[in-house]
Amino acid sequence: MKAFFGLLRRLWKAEAFSPQGLMVRAAILTALYAVSCLAGLREHTTFLSGTSSNVNLSWHTATTLGLIHLLLHFSFILLAPILVITAGLLAAWNRWKLAREEGGGIQGP
């Protein structure tokens, strides 16, 4: 269990533009979107059509909740895949660069 928390701590403190940092941010966006869906904020996006999802809430509150869900939805659909793809490309680049440096560069004939 201690090793698991150590791993989480290392991932959380990863540099912003490292593959680990990008994956952590994608995971955070995914978790926030899941919480938004489980909390039922999806029904508040009806403000887009000019209707209220719940008559017990003011339209300011319903609009704010709907906007939060929309931002998380678009972040999950657009930003999270970009972060994952970028993390994969950056990890491959770093591995290729390290292998090239260890190999001594280009060898002549």
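Let's start on helix α3, which spans residues 59–102 and holds Leu78. Keep in mind that this is a predicted model. Is Leu78 buried or exposed? Its relative accessibility is 54%, and the cut-off for exposed is over 50%, so Leu78 counts as exposed. Together with Phe74 and Ile77, Leu78 makes a nonpolar patch on the surface. The accessible area of those three residues together is about 310 Å².

Now step back to the whole chain. How many helices and strands are there? The count is 3 helices and 0 strands. Along the sequence, the pattern reads α-α-α. The protein has 109 residues, and 20% of them count as buried. Its accessible surface comes to about 8300 Å². Carbon and sulfur atoms account for 70% of that surface. One more overall number, on contacts. Take the contacts between residues at least 6 apart in sequence: 56% of them join residues at least 24 apart.

Next, the inside. Which residues make up the largest nonpolar core? There are 5 of them: Leu22, Ala26, Leu29, Leu83 and Ala87. Two elements, α2 (19–38) and α3, each give two or more residues to this core. Helix α2 supplies the largest share, 3 residues. Look at Leu22 in particular. Leaving out residues up to four places away in sequence, Leu22 touches Ala16, Leu83, Thr86, Ala87 and Leu90. Two of those names, Leu83 and Ala87, are also core members.

Let's move to the loop between α1 (2–12) and α2, where Ser18 sits. Phe17 is in that loop as well. What is the state of each one? Start with Ser18. Its relative accessibility is 11%, and buried means under 20%, so Ser18 counts as buried. Now Phe17. Its relative accessibility is 72%, over the 50% cut-off, so Phe17 counts as exposed.

A polar atom of its side chain lies 2.9 Å from the backbone oxygen of Glu15. The Ser18 side chain also reaches the backbone nitrogen of Gly21, at 3.1 Å.

Beyond residues up to four places away in sequence, Ser75 touches Leu29 and Ala80.

Where does it stand on accessibility? Its relative accessible area is 39%, between the 20% and 50% limits, so Ile68 is partly exposed. Its C-alpha atom is separated from that of Thr45 by 9.1 Å.

To wrap up, three things to find on the screen. First, the surface patch of Phe74, Ile77 and Leu78. Then the core, with residues from α2 and α3. Finally the loop between α1 and α2, with Ser18 buried and Phe17 exposed.

Conventions. Residues numbered from 1 in each chain as written. Predicted model: local features only at pLDDT ≥ 70, side-chain atom pairs only at ≥ 80, totals over all residues. Heavy atoms only, no water. Helix = DSSP H or I, 4+ residues; strand = E, 2+ residues; numbered from the N terminus. Buried < 20%, exposed > 50% of the residue type's maximum accessible area, 1.4 Å probe, protein only. Contact = heavy atoms within 4.5 Å. Areas by Shrake-Rupley, 256 points an atom, 1.4 Å probe, with all protein chains shown as cover. Patch = residues over 30% accessible without salt bridge, like charges linked within 9 Å, V, L, I, M, F, W, Y side chains within 5 Å. Salt bridge = Lys/Arg side-chain N within 4 Å of Asp/Glu carboxyl O. Core = buried A, V, L, I, M, F, W, Y, C linked by side-chain atoms within 4.5 Å. Polar contact = N/O pair within 3.5 Å; in protein donor to acceptor, adjacent residues only side chain to side chain.
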